[in-house]
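Here's a quick look through one model, helix by helix and ring by ring. Have the structure open as you read.

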Amino acid sequence: MHDKRPYRERSWADKFGDAFRGLKEGVRGQSSFFVHLFAAAAVIVAASVLRVDLTQWCLLLLCIGTVFSAEMFNSALE
């Protein structure tokens, strides 16, 4: 039996477009998200100035991504 999907397959460009649109809505709609965005930019600048190594960069980016994900999840629940 064939699995006939009632929806069309979406391109990667469509998927990324939706993701960036959600990110834009998060920045515009939530003041705390903007604060986290500013803090993340400050952390990235500080890490560049302090010349952190690759492992530390990975950990910093993982933490920043986790905070953004939690903020977006919180916004979705609100």
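## Helix H3, end to end

Helix H3 covers residues 54-77, and at 1.5 Å a residue its 24 residues should span 34 Å; the end C-alpha atoms sit 35 Å apart, so the two values agree. The expected span here is 1.5 Å times one less than the number of residues. Helices are DSSP runs (H or I, at least four residues), numbered from the N terminus.

A word on ground rules: this is a predicted model, where local features need pLDDT of at least 70 and side-chain atom pairs count only at pLDDT 80 or more, while totals for chains, interfaces and linings use all residues. Residues are numbered from 1 along each chain as its sequence is written, and side-chain values use heavy atoms, with hydrogens and water left out.

Which residues of H3 are buried? They are Ile 64, Phe 68, Glu 71 and Ser 75, where buried means under 20% relative accessible area, exposed means over 50%, and partly exposed is in between (1.4 Å probe, protein chains only). Their cover includes helix H2 (31-50).

The H2 and H3 axes come within 10 Å and cross at roughly 175 degrees, which makes H2 roughly antiparallel to H3. For the bookkeeping, axes are lines fitted to C-alpha atoms, for helices over the stretch in contact, with angles running from 0 to 180 degrees between N-to-C directions; over 145 degrees counts as roughly antiparallel. On the H2 side, the contact (heavy atoms within 4.5 Å) involves residues including Phe 33, Leu 37, Val 43 and Ile 44. H3 brings in Trp 57, Leu 60, Ile 64, Val 67, Phe 68, Glu 71 and Met 72.

Ala 70 is also found in H3, and Ala 70 is partly exposed, with a relative accessible area of 46%.

## The aromatic cluster

Trp 12, Phe 16 and Phe 20 form one aromatic cluster. Trp 12 and Phe 16 both lie in helix H1 (residues 12-29), 4 residues apart, or about one turn of the helix. Residues three or four places apart in an α-helix point the same way, because there are 3.6 residues a turn.

Trp 12 is exposed at 61% relative accessibility, and Phe 16 is partly exposed at 48%. The charged end of Lys 15 sits over the Trp 12 ring, 4.7 Å from its centre; the rule asks for NZ of Lys or CZ of Arg within 6 Å of the ring centre and within 35 degrees of the ring normal.

Notes. Helices (H or I, at least four residues) and strands (E, at least two) are DSSP runs, numbered from the N terminus. Rings of Phe, Tyr and Trp (its six-membered ring) pair if their centres lie within 6.5 Å; planes under 30 degrees apart count as stacked, over 60 as edge-to-face and the rest as tilted. Angles under 35 degrees count as roughly parallel, over 145 as roughly antiparallel, 65 to 115 as roughly perpendicular and the rest as oblique.
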